[in-house]
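Notebook open. I start with the terms, then go from single residues to the whole chain.

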Amino acid sequence: MVTPLADINMLPDHTLERVFFYLNPFDLGRVSQVCTRWSKLSGARRLWSGHQFRHKLRATADCLRSIRLLSRSRGVFPYHKVEVALDSALGRHQISIGRDADRVTVATASPLTMLLSLRHLVCDRVTTLKVTVSQMEALTPFEAQVVWETIASKERLSELFLTLHRGGAMFLCPFEWPQRGFVTQVTFKALGNAPSGSSVCAPVRSLLEMHRYQLKLLYVVNEDQQPLLEFCPSDAFHLQAILLPSLVGRLTQFHRLRSLCLNSHFAHPDVLAEVLSLPGIRHSLWDLDVIIKPGHWEDGEGLSVQALLELLRGFEHLRKVRLIGLSVSPDAPQRGPWNLRGLMKSLPQVKAIVLDVDPCMLPLDVLVPHEGGESVVPDTLTALKLERSTVSVQALHKHSAEDSWLVELRQVMRTAPRLHVIIEASSCFVADRRLSKVVIMPHRVAEACKDCPGFPAPQRGFSTIYIEDYFL
């Protein structure tokens, strides 16, 4: 007697999805056409995460097949970010899917593939687009015009990240942005050396002029392109800019600014004092990010560290401060430890402080109160975040048990239980293993710790390890 085969549709969803896990993207596209249930299951993000399509430059038809597969409205993960990079040095077409399956990245040397990606992949659900053209002769003037028109036709886009070469056709194209769309965030960067008397990018200028009353965030990286900031509306919430004397007059018009990022690599620090003294900035700002040029914050040169801390003291609603380049390590004996103590006293209402300091060089002992003294750590401060390129967990414990950095950390957390010291590193060495993009937390999030949910969110793609698992 022959036993009838069981119907595959009798399998539960999680089992059927496990079967789909072993299929390649093209097979997933085929099974999505079977029925509504299979179409829904085959579009799960975990099935698509990390997949890559690689095609030779001559295999344009295969590359287009991959693009059309990802552009389908059913049976494909619902990505909402697209990145397209044109680089003539590449020897193939490469399409990759982000780790969280929310982003599709296309890197190619073919202008045709770039245009097809913009046309098909940037569909109605896509809200963020990043375009990079790194070579001067990557596009002809006609191709550049078509690329700009294709981008402008995507009316659902709200965030644009543009990186263009100064001598390229896209930078020099006389394109006028049409009256449509709703772009609210723009980041622009120009590659290559800026010639004397260089002008701003005309298409970006037209874009900002057309959307100036709905912009909420604008970041212009280059010094010679700073005139584009004049199109940022006075009611914008976020602004990233280079510290130039012209910026002071522009900031006097802002009255609702919540987040401000200032880069002082190309200006004297005294301009920062003028910006931080503006009444509108002091009364409205929530988040402040200052990138300090090394050597500009020594005593007697420009704005002193003490003057900077005194300026920060007068902010009414400041809740997060990120200072890059401020010395708080003990190798600066006349400034280091006192900077950290003064920073705590100057920001009594701040919830998070971010510094680029080596954890082993951070003088945590100055935060431990002496006998009978009060802690200098504000009651509102819940996170002290340290950003480094490389960190070794073993180095945090390399000294004797009495004077190790982890022992000092334990003392600080005992006297200031709400404070959590967080380390974020591009690479981390743990037990002779190298991990990339790691966030080191003092302990796991627990219901007993009410301040854990208030931690600054780690950047996308970072994994988490816990100090308590190794030494505490």
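I take helices (H or I, at least four residues) and strands (E, at least two) as DSSP runs, numbered from the N terminus. This is a predicted model: local features need pLDDT of at least 70, side-chain atom pairs count only at pLDDT 80 or more, and totals for chains, interfaces and linings use all residues. Residues are numbered from 1 along each chain as its sequence is written, and side-chain values use heavy atoms, with hydrogens and water left out.

Entry one, Asn 263. I found Asn 263 in strand 10, residues 259-263. Asn 263 counts as buried because its relative accessibility is 12%. Buried means under 20% relative accessible area, exposed over 50%, partly exposed in between (1.4 Å probe, protein chains only). Leaving aside residues up to four places away in sequence, Asn 263 touches Ala 241, Ile 242, Leu 243 and Ile 291. A contact here means heavy atoms within 4.5 Å.

I placed Val 19 in helix 1, residues 13-20. Val 19 has 40% relative accessibility, so it counts as partly exposed.

I counted 15 helices and 17 strands in the protein chain. The chain has 472 residues, and 49% of them count as buried. I also looked up contacts between residues at least 6 apart in sequence: 68% join residues at least 24 apart. The accessible surface comes to about 23,100 Å², and 52% of it belongs to carbon and sulfur atoms. Accessible areas come from the Shrake-Rupley method with a 1.4 Å probe; for residues, only the protein chains shown count as cover.
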